[in-house]
Amino acid sequence: MGVFGTSGQVIQVSGIRKTYGSTVAVSDVSFEVSEGEIFGLIGPNGAGKTTTMECVEGVRRPDQGAVSILGLDPYRDMYQLQNSIGVQLQEAQLQKRIKVWEALDLWASLYPKTVDGDRLLEQLGLAGKRNAWFMTLSGGQKQRLFIALALINDPEVVFLDELTTGLDPQSRRAIWELVRDIRDRGKTVLMTTHLMEEAERLCDRVAIIEHGKIIDIGSPAELVRRHCPTRTVILATGNELAEERLRAMPSLETLTRQDSQFTIQGRGDEFVTEVIHCLAENRIRVTDFRTLLPNLEDVFLKLTGHSIRD
Amino acid sequence: MFRGLWKLTWLEIKIFLREPLGAFGTILFPVLVFVVVGRLLGGRLTPGSIAATGFIRVGLPVLASVLVALSAVLSLVTIISIYREGGILKRLRATPLRPQTILTAHVLVKLALTVASLVLLVLAGKRYYPVNVDVPVFGFAMALLISTLSILSIGFLIASIVPTARFAQPIGAAILYPMLPFCGLFVPLQSLPPALQTVARMLPLTYAVSLLQGIWKGEAWSAHIGDVAALVAVFAICTALSAKVFRWE
């Protein structure tokens, strides 16, 4: 059993609810995160991701329900737990004129066990900014500093809230790489994002949140399979028999044709293979062959009836 | 309990001194004014002129101390609200830093800056004003510490409830500065009309001024037990209220 209690889960959230006045921010949210997993809370802005995250981190106290991290109650046992968790808060700031090394030095002085701050800066590409004031850092550099601060105490569990919001694609990719590194070192990561691409590329499992409720939980691939089983193949061929042969496929659902280009859809993972079989059997030569796989964006649209950006 | 206090305090002092007007505005400017005024009046102020010496001997040092303390309080109110608005308080709170550590560090920074500017004022004063130097320095420092902590606690209460950083300074000033005319600094309490005397007795600053003036003049602490009790009561009430209503974000 060890430090994680009997369940083997690093984070256990059961039935938490949080209201601000008459607004219900989060209601009946439950999920579990296993050791070494990157778990994502995904949903549009205002869905309740950050509130959920802050209840789990112990920054807020849920009105109802229970949270356990490494077997401890994050609100009650905050100071005991803080040595084993690292937190990056959404839209946090530091003192404008604090230097990068001073922030790391202060943070390092607060924990009994720390990693080498200079090495951390090196790993995060901030070594050249050691003496820079916080206010002079770019958005990406600030985020990397916050990651450094979240990792200074060599935590077991890391919380990352809207980590790459407002960053350019290049910084975003660099930060994704860092998060994978964190997991590869055996840490557990709980993160929030409203970027479906980010969730798909980073998260082992995600919980889709809307209006303060969890709609579904699973790995990105599982969720896609469950909610968007339709596969789309686009191919181009001059073969006059192609349409007839493709229509004969049992798993085919729709077929639309525009001159020599066909867009065909069917259900299930086997659909693409069946199309390839069909083409091969009938010796149909194609000049283009693409598959469009549904992604989390489509899952979200299917589950909520609107796009995550609306 | 107070892990990180010294590091945070030292860090905040360094950060404060990096502000464009930090060191100059808080520490050097009052001294500069003092020196300029001292030079202008220098010839006219001789120990012999009786009217001047009453104010110069007691009034001026106490006025300077109170003004420095008030500006420290206002700057505390502003810094706390800027930190809150910028999410810095929230970020610091998600570390093993205890709330009381963060807040104590800020109070210590303000006390350190107050001490620094007062020491400079005293040094400048020795040069330009014919004030007797046989002042109970330690006693006065203690009286000033008690007064400043008490006024700082009012500042903290203000910082706890001001809605945004933009309003922090004006609201703080609007609460603190109107106390000045009635606190016995410029006009002795006894010469105020009875109604205003009642108002004055309700102002914490009155007790600070009475204590500071008394100790500066060399009166015994036992004569000022009432003042000390009032200041301690203000401190206790404001601190307790702040702890209840303080908002981190």
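How many bridges join β8(A) to β9(A), and in which direction do the two strands run relative to each other? Select both strands: five bridges connect them, and they run antiparallel. Helices (H or I, at least four residues) and strands (E, at least two) are DSSP runs, numbered from the N terminus.

This is a predicted model, in which local features need pLDDT of at least 70, side-chain atom pairs count only at pLDDT 80 or more, and totals for chains, interfaces and linings use all residues. Residues are numbered from 1 along each chain as its sequence is written, and chains are lettered from A and ligands numbered from 1 in the order in which they are written.

**The sheet**

Within this pair, select Ile209(A), which stands opposite Ile214(A) in β9(A). Next, display the whole open sheet of chain A, whose six strands follow the order β5-β6-β7-β3-β8-β9 with mixed pairing. At its edges are β5 (85-88) and β9 of chain A, each pairing on one side only; two strands pair if DSSP finds at least two bridges between them. From one strand to the next, the twist averages 15 degrees. Axes are lines fitted to C-alpha atoms, for helices over the stretch in contact, and angles run from 0 to 180 degrees between N-to-C directions.

**Two loop residues**

Select Glu162(A), in the loop between β6 (157-161) and α6 (169-184) of chain A. Its phi is near 45 degrees, a positive value in a residue other than glycine. Most residues other than glycine have a negative phi. Is Glu162(A) buried or exposed? Glu162(A) is buried, because 21 other C-beta atoms lie within 10 Å (buried: 20 or more within 10 Å; exposed: 12 or fewer; partly exposed: in between; C-beta atoms are placed from the backbone).

Move to His211(A), in the loop between β8 (205-210) and β9 (213-218) of chain A. The phi of His211(A) is also positive, near 50 degrees. His211(A) counts as partly exposed, with 15 C-beta neighbours inside 10 Å.

**The side facing chain B**

Show both chains: 19 residues of chain A are in contact with 17 residues of chain B (contact: C-beta atoms, placed from the backbone, within 7 Å). Helix α3 (residues 100-109) of chain A gives the most to this side, with four residues.

**Confidence**

Finally, colour chain A by pLDDT, the predictor's confidence in each residue, from 0 to 100. Chain A averages 89, and 97% of the residues score at least 70. Over residues 1-6 of chain A, pLDDT stays under 50.

Definitions and conventions
Two residues are in contact if their C-beta atoms, placed from the backbone, lie within 7 Å.
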